[in-house]
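Subject: Structure handover

Dear colleague,

Here is the structure for you to take over. My notes on what was found in it follow below.

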Amino acid sequence: MKSLLTIMFMGVCGYVSAQAGLSVVNDGLRFCESTLPYNNGILIANFGTENLNPLNDEGKGYIMYYKDGKTETFIPTDGNLSAPKGMLAQGDRLFVCDVNKIVVYSTVNKTSKPVVIRLPEGHLFVNDLVADGKYLYASVTNSDRIFRIDISGDKGYTPEEWLKVPGPNGLLINNGSMYVASYPADGNTTGKNVIYKIGDMANPKLEKFVDIAGQYDGIATSTDGNYIYITNWAPASVSKVSLSDRSVAPVNISLDSPLIGPADISVKEGYIYIPDLPNSRVVIVKE
């Protein structure tokens, strides 16, 4: 996601595009950074602030739930979230990245006080989450780190450094391998900002999976399992990457108001859910 720049809000009304299989949701959304399939719908994380600042501490963040063309509040503004980003649901827990911490909500008692997992000082851009067995993995873009947290028990959560990765943003685990979308926290793209693969998570080593440099954010597996989708801020776009030959192809998205900041995407039942952060909308595209 766009790093430290403040971008003016540009509102758009929800509509169905002339492009077949494309629609836009913006009802109740304000600077939405991530989407997550949940039950029969989609969770959408929002900053809720007047200006776009991914490191704000205003406590105005909230989570919406979208299903069948309607949005409703899932986690209201409670002061615990300021700039919620990547989310992960496991059992009766919802883990949410938020600036320098991970907030853990109970999904069976959403009014109960959430647990807060603090990252060490200086790790300010906690961005995305994946889980594999008993471990939760969290990317921290500004400090080039992925942390690992044991979430299997009830003795609390202790983050530990797991791997150094240039600008880790979106995370994905597919068939036992982790894929990492790299984003330059200072906004200056280099050859290190690519899509990485970690083939053996027990003995983690980085390899470049897509070596085209970009400002990569979201990453998700296609419904058929043959591709991964990736979002890029520069240029603002969504692409699909073949897992067999690593070829990259653009995803056609025809909008009257083009994407500006496609962030943490998800895929559910043949549709891609793309949060366009500066535009406070989720663009839904049929695969």
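This is a predicted model: local features need pLDDT of at least 70, side-chain atom pairs count only at pLDDT 80 or more; totals for chains, interfaces and linings use all residues.

Two strands are taken to pair if DSSP finds at least two bridges between them.

**Sheet β15 to β18**

By that criterion, 4 strands make up an open sheet with the order β15-β16-β17-β18, and their pairing is antiparallel. At its edges are β15 (168-174) and β18 (207-210), each of which pairs on one side only. On average, neighbouring strands of this sheet are turned by 30 degrees against each other, direction ignored. Inside the sheet, β16 is joined to strand β17 (residues 195-198) by 4 bridges in the antiparallel sense. Within this pairing, Met178 is found opposite Ile198 in β17.

Strand β16 covers residues 177-182 and includes Ser182. Is Ser182 buried or exposed? Ser182 has a relative accessibility of 0%, so it counts as buried, the limit being under 20%. Its side chain makes a polar contact of 2.9 Å with the side chain of Asn193. Not counting residues up to four places away in sequence, Ser182 touches Pro166, Gly167, Lys192, Asn193, Val194, Tyr196, Gly214, Gln215 and Tyr216.

**Sheet β19 to β22**

A second sheet to look at is also open: it has 4 strands in the order β19-β20-β21-β22, paired antiparallel. Here β19 (216-221) and β22 (248-250) are the edge strands, and each pairs on one side only. Strand β21 (residues 236-242) runs antiparallel to β22, and 3 bridges join the two. Lys240 has Ala249 of β22 opposite it.

**Nonpolar core**

The largest nonpolar core consists of 15 residues. Phe95, Ile102, Val126, Leu129, Leu136 and Ile149 are the residues with the most contacts inside this core. Two or more residues each are given to it by β8 (93-98), β9 (101-106), β11 (126-132), β12 (135-140) and β13 (145-150). Which element gives the largest share of this core? That is β12, with 3 residues.

Phe95 has a contact list that can be checked directly in the model. With neighbours within four places in sequence left aside, Phe95 is in contact with Gly86, Met87, Leu88, Gln90, Ile102, Val103, Val104, Leu129, Leu136, Ile151 and Tyr157.

**Aromatic pairs**

Searching the whole structure gives 7 aromatic pairs. One of them is Tyr65 with Phe74, a tilted pair with 6.4 Å centre to centre and 35 degrees between the planes. Tyr65 and Phe74 are both buried. Another pair, Tyr179 with Phe209, is edge-to-face, at 5.2 Å centre to centre and 80 degrees between the planes. This pair links distant parts of the chain, with Tyr179 in strand β16 and Phe209 in strand β18, 30 residues apart. Tyr179 and Phe209 are both buried. There is also an aromatic cluster, formed by Tyr38, Tyr65 and Phe74.

**Two other serines**

Ser266 is in strand β23 (residues 266-268). Its relative accessible area is 6%, so Ser266 is buried. Between the side chains of Ser266 and Thr35 there is a polar contact of 2.8 Å. Apart from neighbours within four places in sequence, the residues in contact with Ser266 are Thr35, Leu36, Pro37, Ile42, Ala220, Tyr271, Ile272 and Tyr273.

Ser112 sits in the loop between β9 and β10 (115-118). Because its relative accessibility is 25%, Ser112 counts as partly exposed. A polar atom of the Ser112 side chain lies 2.7 Å from the backbone oxygen of Asn109.

Regards

Methods
Residues are numbered from 1 along each chain as its sequence is written. Side-chain values use heavy atoms; hydrogens and water are left out. Buried means under 20% relative accessible area, exposed over 50%, partly exposed in between (1.4 Å probe, protein chains only). A polar contact is a pair of N or O atoms within 3.5 Å; within protein, one must be able to donate a hydrogen and the other to accept it, and residues adjacent in sequence count only if both atoms are side-chain atoms. Contact means heavy atoms within 4.5 Å. A nonpolar core is a set of buried Ala, Val, Leu, Ile, Met, Phe, Trp, Tyr and Cys residues joined through side-chain atoms within 4.5 Å. Axes are lines fitted to C-alpha atoms, for helices over the stretch in contact, and angles run from 0 to 180 degrees between N-to-C directions. Rings of Phe, Tyr and Trp (its six-membered ring) pair if their centres lie within 6.5 Å; planes under 30 degrees apart count as stacked, over 60 as edge-to-face and the rest as tilted.
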